[in-house]
Amino acid sequence: MDGNTFGKGFTVTTWGESHGKSVGCTIGNVPAQLRITEADVQPQLTRRRPGQSNITTPRDEKDRVEIQSGVQNGLSLGLPMMMVVKNEDQRPKDYGNKTMDMYPRPSHADFTTQAKYGIKSESGGGRSSARETIARVAAGAVAEKYMMDAFGIEIVAFTSSIGDIDLFPPTPEYPTPVTDPKFHEFLDNITRETVDKFLPVRCPEQAISDKMVQLITDFKDRHDSIGGTVTCVIRNVPVGLGEPAFDKLEAMLAHAMLSIPATKSFEIGSGLTACTIPGSIHNDPFVSTKGKEVPPSVAKSGAYLKGFTRPKLTTKTNFSGGIQGGITNGAPIYFKVGFKPPATIGQDQLTATYDGESEGVLTAKGRHDPCVVPRAIPIVEAMAAITVMDALVRHFGPKTLSQYLPYYREPNERGEAQVAVPDDQL
């Protein structure tokens with residue numbers, strides 16, 4: 001079966017190879033009358049693009065997005081939405097040298113792709129390349145625009161570790177960050193604007209960020225690579241999303257995150273820490289939301305303006321990570337994704353030929369990140385957005401979701417959609 005489509009309600013199909021002419025996506029079930037233009041999508045693609053600093057690949061791509069269908073006069077039509085990004089700095093010849101043709105790169109998808117299909121992309125990683133994630137980020141930006149406008153949902157990811165350098169190192173009092181109230185306060189308040197002040201690694205603490213930059217630089221200078229983790233928080237998600245038993249929301253998030261190239265682990269809420277905490281501490285007591293302040297993004301969202309009911313309960317603690325029984329409980333969803341060191345490095349590596357007849361030394365060519373984590377931030381955010389949007393469509397249906405937009409207009413007597421109300425008239 002085709003493995004290039006994610007989602008059952010809000011569907012995202014991606015296409016294109018790393019050194020082909022373009023990459024792109026087709027999105028199904030975008031709610032009608034969403035205000036969306038290239039200007040809403042481009043910022044996340046710019047955050048993902050290569051060449052951002054001297055610790056990322058120098059490939060020079062502007063990653064300019066073009067909306068091809070599904071949008072008219074800045075409003076979604078409720079029809080399939082297609083977007084494309086052209087590859088401008090292709091160098092397929094980097095992959096055409098004698099050794100690259102003979103030897104599969106260790107820990108890369110070269111061998112497994114060849115074994116599965118009997119053929120592989122002649123240049124780069126083809127569909128296994130992180131270049132494919134441009135399409136995911138574009139689709140995620142569309143999902144985010146809807147979710148912010150309609151529900152005030154906010155998604156923020158940041159670098160939480162590189163190698164053995166951790167933003168939240170264990171302490172005697174708090175051996176894991178999920179037991180530290182300051183960690184949860186951090187998740188409640190972190191913003192993308194703050195994260196992006198700490199380029200190039202996007203770890204929002206200057207001293208730790210500086211150490212991470214130096215570590216990545218050291219590995220780059222040795223023509224080596226290093227991995228790390230990304231932590232992500234999703235705030236203001238409505239109660240009730242998730243489809244037990246096999247499409248629990250945390251299961252769908254795990255599916256989404258582990259589909260990102262170079263990922264190796266996924267933990268939600270307390271994660272592996274839950275194995276060491278007694279139930280008397282780990283259980284999240286319920287408390288009333290009565291009198292609690294409504295988040296600003298929720299207060300101006302369409303659903304809230306149109307009388308969408310806030311949950312009567314929330315949890316005092318949040319070891320569950322905002323999901324219980326596979327269904328959202330209204331608390332922030334948070335999780336951590338682990339990324340391995342990039343497989344393509346500039347050092348000589350002993351390996352074997354595709355036919356298994358001989359061993360040899362591979363010296364890989366091309367332009368590659370010494371650490372993928374800094375550029376993975378918007379990719380994690382995108383897949384989180386697509387997953388939650390998929391759950392929203394499955395729970396409410398796309399037609400109902402359209403009505404939660406603050407500027408939605410009912411069709412006229414002929415069944416034709418009317419022009420949306422400008423923001424200054426809301």
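A: This is a predicted model. Start with A245, placed in the loop between β10 (228–235) and α8.

Q: What makes the peptide bond between P244 and A245 stand out?
A: The bond joining P244 and A245 is cis, with omega about 15 degrees. Most peptide bonds are trans.

Q: Which other peptide bond is described as cis, and what is its omega?
A: L199 and P200 are also joined by a cis peptide bond, with omega about 10 degrees. P200 sits in the loop between α6 and α7 (206–221).

Q: What makes the phi of R202 worth noting?
A: Phi of R202 is near 65 degrees, which is positive, and R202 is not a glycine. Most residues other than glycine have a negative phi. R202 belongs to the loop between α6 and α7.

Q: Why is R202 called buried?
A: Buried means under 20% relative accessible area. R202 has 2% relative accessibility, so R202 counts as buried.

Q: What is the phi of H223, and where is H223 found?
A: Phi of H223 is near 55 degrees, again a positive value in a residue other than glycine. H223 lies in the loop between α7 and β10.

Q: Why is K399 called exposed?
A: The cut-off for exposed is over 50%. K399 has 71% relative accessibility, so K399 counts as exposed. K399 is part of helix α13 (residues 398–402). In sequence, K399 and N29 are 370 residues apart, but in space their C-alpha atoms are 9.0 Å apart.

Q: Why is V388 called buried?
A: Set the value against the 20% limit for buried. V388 is at 0% relative accessibility, so V388 counts as buried. V388 is in helix α12.

Q: Which residues is V388 in contact with, leaving aside neighbours within four places in sequence?
A: Those residues are M147, I153, I234, V237 and L241. Take I234: V388 and I234 are 154 residues apart in sequence, and 9.1 Å apart from C-alpha to C-alpha.

Q: Why is A141 called buried?
A: The test is again under 20%. A141 has 5% relative accessibility, so A141 counts as buried. A141 is in helix α4 (residues 133–151). Beyond its neighbours within four places in sequence, A141 is in contact with D40 and V41.

Q: Which residues of helix α1 (residues 38–48) are buried, and what do they pack against?
A: The buried ones are V41, Q42, Q44, L45, R47 and R48. They pack against β4 (65–69), β7 (81–86), α4, α6 (192–195) and α12.

Q: How do you know how helices α8 and α12 are packed?
A: Two packed helices are described by the angle between their axes and the distance between the axes. For α8 (residues 249–258) and α12 (residues 373–396), the axes come within 9 Å and cross at roughly 145 degrees. The crossing is right-handed. From α8, the contact uses L249, M252, L253, A256 and M257. From α12, it uses V380, M383, A384, T387 and A391. By class, the contact has nine nonpolar residues, one polar and no charged.

Q: How do you know where empty space is left?
A: Rolling a probe the size of a water molecule over the atoms shows it. The second largest pocket has a volume of about 1,200 Å³. Its lining has 44 residues, and N236, T314, G330, A331 and P332 lie nearest its centre. α5 (181–189), α10 (296–299), α11 (302–305) and β13 (313–315) each give two or more residues to that lining. The largest share comes from α5, with seven residues. By class, the lining has 20 nonpolar, 14 polar and ten charged residues.

Q: What does the chain look like in overall counts?
A: There are 13 helices and 18 strands. The chain has 426 residues, and 51% of them are buried. Take the contacts between residues at least 6 apart in sequence: 75% of these join residues at least 24 apart.

Methods: Residues numbered from 1 in each chain as written. Predicted model: local features only at pLDDT ≥ 70, side-chain atom pairs only at ≥ 80, totals over all residues. Heavy atoms only, no water. 1 Å grid on protein atoms, 1.4 Å probe; cavity = no way out; pocket = protein on both sides within 12 Å on 5 of 7 lines; lining within 4 Å. Points joined across faces, edges and corners; volume = space filled by probe spheres on them. Helix = DSSP H or I, 4+ residues; strand = E, 2+ residues; numbered from the N terminus. Nonpolar A, V, L, I, M, F, W, Y, C, P; charged D, E, K, R; others polar. Axes fitted to C-alpha atoms, helices over the stretch in contact; angles between N-to-C directions. Left-handed = near helix turned anticlockwise from the far one by under 90°. Contact = heavy atoms within 4.5 Å. Buried < 20%, exposed > 50% of the residue type's maximum accessible area, 1.4 Å probe, protein only.
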